[in-house]
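Please find below a colleague's note on the model under discussion.

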Amino acid sequence: MAPEPTPTPVPTSAPEPTATPVPEPTPSVPVIEAQTPSEFVEPVVTQPGDIAVPVGGTTTFRLARSRPVLQQPGHTLIYIDADRLAEVDIFSPVANGEGDPLDDFAAVINELTTNTVFADLTELEPVTIAGLPARVFEGSVLTGERGFHTDTSTIGNDWAGWFPPARMRLWVIDAPAGPIVVTAESLFDPGQYDDAVRMAGGLLSTMTFEG
C-alpha cells in the first residue's frame, strides 16, 4: 500500500505583488510630411513647438507661435501669416534652376556668385549655425526665374523648386547631409521683410541637422 502523502503547508498570507515600473513615454518631435508640388497645395497651420522636416536628412527647429507651413519635397515654407506675402524657406539646393546638379556647399556658393539670377545679391559676414559654417547673402533678385531645384524627383515639374522673391536674406549652411539654404523672403520690397528676418533668426537659433 502507498504511504500517506505528506500535506503541503498552506502559507498564512500571500506575498505582496511586485509592481513593475512603467517608463515615462519619450516625447516625440512631430515630422511634417511632404506634399506633392502643384499650384493648388495649401499650407497647414502648425502649432508652436519643435518641428522636424525632411530637408537635408532631417532638419529640426522650434516654432515660437503657430504659423502656416507648407512641406514639399526637400522644401519647407513657413509663412508669416495667412496672407502668404512673407515667409521663411528651408530647402536642399540639389540642382540649379536648369536642373544641373549641385553636389556640395562650394557648388551652391558658386551658383549664387556667378548666376545672373543672383547678380544683385550682396554677401554679408559669414556666420555659424548649430556649429556649422554658413555664408549669408541679401538683396533683390530677378524674380520669375527658378533659383534652385530642391529634390531630384521633381526636376521637370514646372511648379517644383524654389523661386526667388522680390527681397530676401539667404543663408547657405554646410550641413552634414549636404548644403541647406534658409531664406527670409518678402514678395514686395520691403513689404514684411523685417518680420521674415526676425522669424528666420528665431528658427536658425534653434535649428539642428541630422544626416
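The numbered points that follow concern a predicted model.

1. Salt bridges in total. How many salt bridges does a search of the whole structure find? The search finds 6. Among them are the pairs Glu42 with Arg84, Asp50 with Arg62, and Arg135 with Glu123, which are taken up in turn below.

2. Glu42 and Arg84. The side chains of these two residues meet in a salt bridge with an N to O distance of 3.0 Å. Glu42 belongs to the segment before strand 1 (44-46), while Arg84 sits in the loop between strand 5 (75-79) and strand 6 (86-91), so the contact ties together parts that are 42 residues apart in sequence.

3. Asp50 and Arg62. Here the side chains form a salt bridge at 2.9 Å, N to O. Asp50 is part of strand 2 (residues 49-53) and Arg62 is part of strand 3 (residues 58-63), so this pair ties together parts that are 12 residues apart in sequence. Asp50 has a relative accessibility of 32% and therefore counts as partly exposed. Arg62, at 45%, is likewise partly exposed.

4. Arg135 and Glu123. The closest N and O atoms of this salt bridge are 2.4 Å apart. The pair links distant parts of the chain, with Arg135 in strand 10 (residues 132-139) and Glu123 in strand 8 (residues 121-123), 12 residues apart. Arg135 is partly exposed, with a relative accessible area of 27%. For Glu123 the corresponding value is 35%, and this residue is also partly exposed.

5. A nonpolar surface patch. Which residues make the nonpolar surface patch of about 270 Å²? The patch is made by Leu85, Leu187 and Phe188. Of these, Leu187 is placed in the loop between strand 13 (180-186) and helix 2 (193-204). Its relative accessible area is 42%, so Leu187 is partly exposed.

6. Strands of a sheet pair through backbone hydrogen bonds, in either a parallel or an antiparallel sense. In this model, an open sheet of 3 strands has the order 2-3-14 and antiparallel pairing. Strand 2 and strand 14 (208-210) stand at the edges; each has a single partner strand, so one side of each is left without a neighbour in the sheet. On average, neighbouring strands of this sheet are turned by 25° against each other, direction ignored.

7. Strand 2 with strand 3. These strands run antiparallel and are joined by 5 bridges. Ala52 has Thr60 in strand 3 as its bridge partner. The two strands form a hairpin with 4 residues between them, and Gly56 in the turn has a positive phi of about 60°.

8. Strand 3 with strand 14. What is the sense of the pairing between strand 3 and strand 14, and over how many bridges do they pair? The pairing is antiparallel, over 3 bridges. Within it, Thr59 has Phe209 in strand 14 as its bridge partner.

Key
Residues are numbered from 1 along each chain as its sequence is written. This is a predicted model: local features need pLDDT of at least 70, side-chain atom pairs count only at pLDDT 80 or more; totals for chains, interfaces and linings use all residues. Side-chain values use heavy atoms; hydrogens and water are left out. A salt bridge is a side-chain nitrogen of Lys or Arg within 4 Å of a carboxyl oxygen of Asp or Glu. Buried means under 20% relative accessible area, exposed over 50%, partly exposed in between (1.4 Å probe, protein chains only). Patches are made of residues with over 30% relative accessible area and no salt bridge: like charges are joined within 9 Å, nonpolar side chains (Val, Leu, Ile, Met, Phe, Trp, Tyr) within 5 Å. Accessible areas come from the Shrake-Rupley method with a 1.4 Å probe; for residues, only the protein chains shown count as cover. Two strands pair if DSSP finds at least two bridges between them. Axes are lines fitted to C-alpha atoms, for helices over the stretch in contact, and angles run from 0 to 180 degrees between N-to-C directions.
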